[in-house]
Structures are given as C-alpha cells and as structure tokens.
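Open your viewer and have the selection tool ready. We will go from stop to stop, and at each one you select something and look.

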Amino acid sequence: MVIPPPVRPARIIDYLKPYVLRMNFSNKYVSAQVVHAPTATVAASASSQEKLLRPSMESTQDVAAAAKIGKILGERLLIKGIPAVSVFLDREQKYHGKVKAVIDAVRDVGVKLL
C-alpha cells in the first residue's frame, strides 16, 4: 500500500505579501512604486519627476525629496485601500539615507510594512 503525500495548504506568504515596495534612485530623481506581485502591475507610484511635485521641492535628489516621495506614495496607497506592503531592497540598497527616508515616510502615513 502506497501512502500519498500529505496535502499542504497554500503558502501563506502568497497571501500576506502581494504588494511590494520598490525604490529607484538616480543621480537626478527619486522614484518609488508598489507592485502587485501576483499580477505584476503597478498599484501606486510616486516620483520626483512629476511636474506637480517639482515646484514644492528644493531638490529632486536628496533625502528630503525621498521623504516627500514616501509620504505621497503612502497617501496614494491609503486612498487605493492598500493597508500593508512588503519592502524589496536590491542587493546594493541598505536601510540608510534615502531608502530609510522613503520607508519611514510610508510608515508614518499609516501603511504597515511586512
């Protein structure tokens, strides 16, 4: 008699972390976007390249600009009804400087980070 393998429930990670925060920093601009991982679509994004945001920023590339982008992205997430996101850091990104400013600003608005 052969014993069949146990039936396992679906991985809970697939349900807990569907939205992923990704950040990109160039020499001129800061941008961040939240991607819905199962469908690979952008749920919300914010960038210092947006024409409406440029006049209110002194610089489009420093830590203050990163914090402002994080705050705007967090507000857009709450408007769309996304209460929590997970953070994806590239290999070279560390939780310091601009990365920390974006993440802390998103957290301060009220979005939970998984």
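**A walk around the sheet**

Select S1 and strand S2 (residues 30-36): they pair in the antiparallel sense over 7 bridges. Strands here are DSSP runs (E, at least two residues), and helices are DSSP runs too (H or I, at least four), numbered from the N terminus. Two strands pair if DSSP finds at least two bridges between them.

A note before moving on: this is a predicted model, where local features need pLDDT of at least 70, side-chain atom pairs count only at pLDDT 80 or more, and totals for chains, interfaces and linings use all residues. Residues are numbered from 1 along each chain as its sequence is written, and side-chain values use heavy atoms, with hydrogens and water left out.

Now pick Tyr 19. His 36 in S2 stands opposite Tyr 19.

Next, show the whole sheet. This open sheet has 5 strands in the order S3-S2-S1-S4-S5, with mixed pairing. Strand S3 (41-47) and strand S5 (112-113) are the edge strands, each pairing on one side only. Contact means heavy atoms within 4.5 Å.

Last stop: Phe 25, in strand S1 (residues 19-25). Is Phe 25 buried or partly exposed? Phe 25 counts as partly exposed because its relative accessibility is 23%. Buried means under 20% relative accessible area, exposed over 50%, and partly exposed in between (1.4 Å probe, protein chains only). Show the contacts of Phe 25: among them are Val 30, Gln 93 and Lys 98.

Methods:
Lists of a residue's contacts leave out its neighbours within four places in sequence.
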